[in-house]
Amino acid sequence: MVVQVANSIYETQTIEIAKQLLDATRQKRSFFAQMRDNMRWDDKLLAWAMSNPGLRVQLFRFIDALPALQSKTEIARHLQDYLGDESVELPTALKNLLNFANPDSMPGQLAASTVSTAVETLANKYIAGATIKQVIKTIERLRKDKMAFTLDLLGEAVITEADAQSYLERYLDLMEQLTQEGKNWSTMPPIDQADGEELPRVQVSVKLTAFYSQFDPLDPEGSKKQVCDRIRILLRRAKELGAAVHFDMEQYVYKDMTLGILKELLMENEFRDRTDLGITLQAYLRDAKGDLNDIITWAKQRGNPLTVRLVKGAYWDQETIKSLQNHWQQPVYNQKSATDANFEEMTQLLLENHQYLYAAIGSHNVRSQAKAIAIAEQLNIPRRHFEMQVLYGMGDQLAKALVQRGHRVRVYAPYGELLPGMAYLIRRLLENTANSSFLRQSLEERPVDELIAPPVVDEEPVETRHGASGNQAVGAGFTDNVTAKTDNLTKPAPSPIPHPPFANAPDTDYAQAEAREKAQTALQTVRQQLGKTYYPLINGDYQPTTETVDSVNPANPSEIIGKVGLLSIDQAETALNAAKAAFPGWRRTPVKQRADILRQAAELMEGRREELSAWICLEVGKALREADGEVSEAIDFCRYYADEMERLEGGYIYDVAGETNRYVYQPRGIAVVISPWNFPLAIATGMTVAALVTGNCTLLKPAETSSVIAAKLAEILVAAGIPPGVFQYVPGKGSLVGAYMVKHPDTHLIAFTGSQEVGCRIYADAAIVQPSQNHLKRVIAEMGGKNAIIVDESADLDQAVAGVVKSAFGYSGQKCSACSRVIVLDPIYDTVVERLIEATRSLNIGAAELPSTQVGPVIDATARNRIQDYIEKGRQEAEIAVECEVPETGYFVSPTIFTNVSPDAKIAQAEIFGPVVAVIRVKDFPDALAVANGTNYALTGGLYSRTPSHIDQASTEFEVGNLYINRTITGAIVSRQPFGGFKLSGVGSKAGGPDYLLQFLEPRTITENIQRQGFAPIEGVD
Ligand SMILES: Cc1cc2nc3c(=O)[nH]c(=O)nc-3n(C[C@H](O)[C@H](O)[C@H](O)COP(=O)(O)OP(=O)(O)OC[C@H]3O[C@@H](n4cnc5c(N)ncnc54)[C@H](O)[C@@H]3O)c2cc1C
């Protein structure tokens, strides 16, 4: 659909005003021309970034790392590392600058100084000051130019409650200082007064998420409470001081919650009459127009106007990448013109409702601003109700031209150090150098008519959260066609063996109220089903048992989730016989039919997603979001292994003239799956369906503490059409029936995930050939880890600390992949430890079903006591830095951090399988790698670094099955991150990977001589 958003009544005037504005901004020599003429290094860097996409990526990556680099030598080394990349073609001047042999040399130091000065100059263009003194100077200059301001405090990511409190306090202090200073400012009527009203001279812009470190859409009520407590303090103080407060809008995931909280808060009696407050809407969102309509309705009820700042949106790349990674509907438009068109429509809607809402139009696009002016002029909008806004350093000429035209103009001025301001700077650089950006196109001196032409949109409409298409002209919906087109900083992924993309099941987006409601309803429904008895499923029938065991909620052990019938040895024998009898039929069942049963199981799981998550949450104490991720993983295993088996079915053909050679696979026979409680659905499903789809008859023996969830899996497989005897659910005591089945002569294969101790025993038992056994057993064992994350000096510490906390304490450290050692380089050790301690103290500990919970219980009393024993040992070996209060009821263990731990200490070597982390100080990167590799395990590992040579070195030398760089080390996704380790972490190929099914199969070669009397068909010859 192509829509031209032109022929409105405002179009002629829009074009006229746009021309005037462009003329005014271009009268002075254009910025681009200045850039060419001046050729200062900062200008050169920007110009190169615009003309060379490869250089842009590497340059911005370098700039991102720069503030963390401590010496000129380090800067010089990183310059070569980033810009010396073969994929980047360098302009001659840069090539010459980087042509030094040694980063320590004079030329190396010169390059470091030149580039870091240039980046500092760049930052100074967009950041209004690093100190309050500097920023006040900037503000006074702006006021002299008849421009108002709004001040934004740049800060580190808020990942601790101390950060959130400090954010509030810094704003209180800032407002105080500015209002004090403001007393010396002489009145500037164009910005200090409007329609006879005195306007606040001081305005600050704040971000809602920064008021609470655990701000989470899954927990709207808890987040609201924490945030509102702090915002009330801010608003009260602002009122006393006569300062205005504006709320920025951040990533989409926070949007509904931000609007919800503000709508409620600003309706409170205390704040309801305030007209000096404002909120922000982003026109690049497909939802945005619906949101504006809601806010208009709300503002009418409120009875007092506040400001809506309309912007296009600053996180386009991030939103696009996130939706692609999660397979979620893309919340932002795909086409720049769609955003522009929506912006114009929203401008009109906003201005038409100016009696309820004041409009602040935030854009550097001359056409967008011109359209707003045209509408405002025709509607005769009062001055108080309409202002234009630009970002500091982005629209200086435009702002001046707008002031000259007599409009009220405000400049958004960020203030703070470069390091915490880096995310902001990178957003501005991206925006300025993006092909589609108005600023860039204007700098390139595109023809005026083209620059100010009305946006033409040809996207298809898509359903938004508001039900209808947010804009008649837009919406390509859930698109994958933007994959390669983003303006992001991602390195093009080298792909040695391209693999067809597998479509993973999307996790639930809890930012959607409907998803949260469904989750809560499912918890209630499941609660009504607690306490039932689950018997073994033998040869198609549920068979009563003499013994049962209670499976309980680890957060509340008096709550019985279900009673589980324990299989006897006799019943195990019956089940094995049934499997043996079913095997000939199942191995002959066409692969397509077997694969389709898995696909049907995946559908059933998707249909029962919320219910399954609720069972996981209650039976093993896994927090809701992680439980939901586990359901996705189980679904993925079904679909992925179904596809994989169909791929393997054809085998390989190695024919030569006169001879056919076929390489084909056959199932092994009877598979015993022994699954763990920590991924009670995903791992049980993965191992079971892998065994089934390859044609093996399979017995699933789940861990006792998660047997109810496994019973749900059994229900699903039966409903999906698995025949009796082919799959059997055989809960029982591991040491008894588990061992019996492992040793049984009819067992061909054991797939196990669990502790090293049990895994090694199974390996040994399976190696013994029993009487009447005429085959060797295959063991696939995924065992533990002592997983380390290395943090080097160049790391983004906000990202590193948040990543370590999530990797270490998610599911109380009970994932095989969890981080239990943090190896930190000496220069940043103290900073990392300090932030880590605060971030850990800020976590909410509680029952897994509570939406506020980040750390739930451990699985049972035995686990709790074992972990506590380790903590006691740890006290003797190292310094304990964090211990938190935990609920009294339930099997809770506090997240615990030990610092200054020796690499050889018990707590640095033993697999604890709980929320306990050892922090180890090392002198340099080689030392870090040596310590990381100094255990018996090799499962997962992580590195936070922006040093390319360290990343390369870790890629080859960090001994782990799964290495994660600059991200959390848990949460492997089927097909994207096949999972599994080596050394004592396991034996066998990676789950969710292309080799996994081969372990469940035996290959055969069939060779036939097809010559008869010297005759055989010869390919290509008649
Ligand atoms: C005073 C002020 C306050 C601001 N506050 C916020 C805030 O709170 N939250 C926030 O998110 N942003 C905020 N911004 C930043 C703002 O979103 C960007 O500066 C703005 O989007 C740039 O748009 P433009 O009209 O100046 O430029 P243009 O060049 O016309 O538009 C660029 C914008 O188009 C959009 N876009 C780019 N490519 C595509 C594509 N392929 N498909 C669809 N859309 C695309 C993006 O939003 C991009 O930023 C603020 C800006 C100002 C001026």
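This is a predicted model: local features need pLDDT of at least 70, side-chain atom pairs count only at pLDDT 80 or more; totals for chains, interfaces and linings use all residues.

Threonine 160 is placed in the loop between β2 (148-153) and α9 (161-182).

- Is threonine 160 buried or exposed? Threonine 160 counts as buried because its relative accessibility is 1%, and the limit for that class is under 20%.
- The side chain of threonine 160 has a polar atom 2.9 Å from the backbone nitrogen of aspartate 163.
- A polar atom of the threonine 160 side chain also lies 3.3 Å from the backbone nitrogen of alanine 162.

**The ligand and its shell**

- How many residues surround the ligand? The ligand is surrounded by 30 residues, and the closest are Gly313, Thr339, Ser363, Glu431 and Phe438.
- In the side chain of glutamate 431, an N or O atom lies 2.5 Å from an oxygen atom of the ligand.
- In the side chain of threonine 339, an N or O atom lies 2.6 Å from a nitrogen atom of the ligand.
- The backbone takes part as well: a polar backbone atom of tyrosine 333 is 3.2 Å from a nitrogen atom of the ligand.
- The ligand taken alone exposes 940 Å², and the protein buries 93% of that area.
- At least two residues of the shell around the ligand come from each of β7 (277-282), β8 (306-311), α16 (336-352) and β10 (386-391).
- By class, the shell around the ligand consists of eleven nonpolar, 13 polar and six charged residues.

**The cavities**

- How many cavities of 30 Å³ or more does the structure hold? The structure holds five cavities of that kind.
- The largest cavity contains about 170 Å³ of space.
- The lining of the largest cavity is made of 20 residues, and those closest to its centre are Gln203, Thr307, Arg384, Glu387 and Arg410.
- Two or more residues of this lining are given by each of β6 (244-247), β7, β9 (357-362) and β10.
- The strands β7 and β10 supply residues to the shell around the ligand, and β7 and β10 also give residues to the lining of the largest cavity.
- Eight nonpolar, seven polar and five charged residues form the lining of the largest cavity.
- The second largest cavity contains about 100 Å³ of space.
- The second largest cavity is lined by 14 residues, with Gly785, Gly813, Ala818, Ser820 and Phe913 closest to its centre.
- The lining of the second largest cavity divides into six nonpolar, five polar and three charged residues.

**The second largest pocket**

- The volume of the second largest pocket is about 1,300 Å³.
- Its lining has 45 residues, and Trp677, Ala703, Gly754, Ser755 and Val758 lie nearest the centre of the pocket.
- The elements that give two or more residues to the lining of this pocket are β16 (547-553), β20 (670-675), β21 (697-702), α29 (734-743), β23 (749-753), α30 (756-767) and α33 (861-877).
- Which element gives the largest share of the lining of the second largest pocket? The largest share comes from α30, with six residues.
- The lining of the second largest pocket comprises 20 nonpolar, 13 polar and twelve charged residues.

Notes
Residues are numbered from 1 along each chain as its sequence is written. Side-chain values use heavy atoms; hydrogens and water are left out. A residue is near a molecule or strand if one of its heavy atoms lies within 4 Å of it. A polar contact is a pair of N or O atoms within 3.5 Å; within protein, one must be able to donate a hydrogen and the other to accept it, and residues adjacent in sequence count only if both atoms are side-chain atoms. Accessible areas come from the Shrake-Rupley method with a 1.4 Å probe; for residues, only the protein chains shown count as cover. Helices (H or I, at least four residues) and strands (E, at least two) are DSSP runs, numbered from the N terminus. Ala, Val, Leu, Ile, Met, Phe, Trp, Tyr, Cys and Pro count as nonpolar, Asp, Glu, Lys and Arg as charged, and the others, Gly among them, as polar. On a 1 Å grid over the protein atoms alone, a cavity is a set of points where a 1.4 Å probe fits but cannot get out, and a pocket is an open set with protein on both sides within 12 Å along at least five of seven lines; lining residues have an atom within 4 Å of a point. Grid points are joined across faces, edges and corners, and a volume is the space filled by probe spheres set on the points. Buried means under 20% relative accessible area, exposed over 50%, partly exposed in between (1.4 Å probe, protein chains only).
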